[in-house]
Amino acid sequence: MQEINLKQEFKELLILPKVWMALISGMFWCTVDAGFFVLINDYIVYNADNVNEYEAAFGITLLGIGGVVACFSMVVTGSLKFNRFILYFCSIGLTSILTLITAFTSDKTTYNILMPLWGLTNGVATASHVGFVSDLCTEKQFPVLFGMECFLKGVGGTLLVPLGAHIAQTAGARYGIFFLGCCGVVSALAILPIVIKSVRKR
C-alpha cells in the first residue's frame with residue numbers, strides 16, 4: 001500500500017478553494033448539529049403553549065425517528081447515483097431553514113411537526129456527509145481531508161455553540177436558536193460554489 005505523505009497531502013489540499021469552503025461549512029454546520037440539542041428543550045418548554053418537559057422530550061424522540069428513517073432511506077437508495085454535493089447542500093439548507101422556523105414556534109402541534117422534519121433533513125446530511133467529503137478529493141487524500149474537517153467541526157463546536165448558548169442566556173432562547181439557524185445558512189452558502197460547479201460539469 002502506498003505510504004501517505006501527510007505534509008504533502010496537507011499542502012495539496014490547502015491550496016484548493018473547495019477544501020476551504022468545505023472546512024468553513026463544516027465548522028458552522030457543527031454549531032447547528034450540536035447546538036440545537038442544547039437549546040431546543042428549554043426554548044420549547046418556556047415559549048410554547050402547554051408544552052412540558054415530557055412533551056418536549058417526546059419531540060426529540062420524533063426527531064430521532066426522523067433521523068433513523070433518513071439514514072435507513074439513504075442505505076436503501078445507496079446504489080442510486082445522486083449528486084452528493086446537491087444532496088448535502090439541500091439537506092443542510094433545509095435543516096437550517098427548519099431551525100429558523102423553530103425559533104418562532106409557539107405551539108405544540110407545530111413543534112411536533114417540525115421535529116421529525118428536522119431529524120429527517122439532518123439525518124440525510126449526516127448520512128451523505130462522508131460521500132460529500134470523498135467527492136472533494138482523491139481516495140488517498142480522503143483520510144487527511146476528513147480529519148481536517150472533523151478538526152474544524154470541533155473548533156466550531158468549541159467556539160460557536162457556547163456563543164449560541166450565551167446569546168440564549170442573555171437575549172432569550174429564541175435568539176440562540178435563530179443564531180444556530182443563521183450558522184446553518186452560512187454553512188450551506190459556503191459550499192454553494194462547489195454545488196454550482198458540479199452542476200455545470202454535468
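The model is predicted. Its largest nonpolar core has 48 residues, and Ile40, Ile44, Met115 and Phe132 have the most contacts inside it.

Reader: Which helix gives the largest share of this core?
Author: Helices giving two or more residues to this core include H3 (53–76), H4 (84–102) and H6 (142–171). H2 (17–47) is also one of them. The largest share is 13 residues, and it comes from H2.

Reader: Which residues is methionine 115 in contact with, leaving aside neighbours within four places in sequence?
Author: Met115 is one of the residues with the most contacts inside the core. With those neighbours left aside, its contacts are Phe36, Ile40, Gly59, Leu62, Leu63 and Thr102.

Reader: Where is the kink in H5 centred?
Author: H5 covers residues 108–134. It reaches 40 Å from first C-alpha to last, close to the expected 39 Å. Still, there is a kink of about 45°, centred on serine 128.

Reader: Which backbone nitrogen does a side-chain oxygen of aspartate 107 reach at the start of H5?
Author: The contact lies at the start of H5. The oxygen of aspartate 107 comes to within 3.3 Å of the backbone nitrogen of threonine 109.

Technical notes. Residues numbered from 1 in each chain as written. Predicted model: local features only at pLDDT ≥ 70, side-chain atom pairs only at ≥ 80, totals over all residues. Heavy atoms only, no water. Helix = DSSP H or I, 4+ residues; strand = E, 2+ residues; numbered from the N terminus. Expected span 1.5 Å × (residues − 1). Bend = angle between axes of the 7 residues up to and from the residue. Polar contact = N/O pair within 3.5 Å; in protein donor to acceptor, adjacent residues only side chain to side chain. Core = buried A, V, L, I, M, F, W, Y, C linked by side-chain atoms within 4.5 Å. Buried < 20%, exposed > 50% of the residue type's maximum accessible area, 1.4 Å probe, protein only. Contact = heavy atoms within 4.5 Å.
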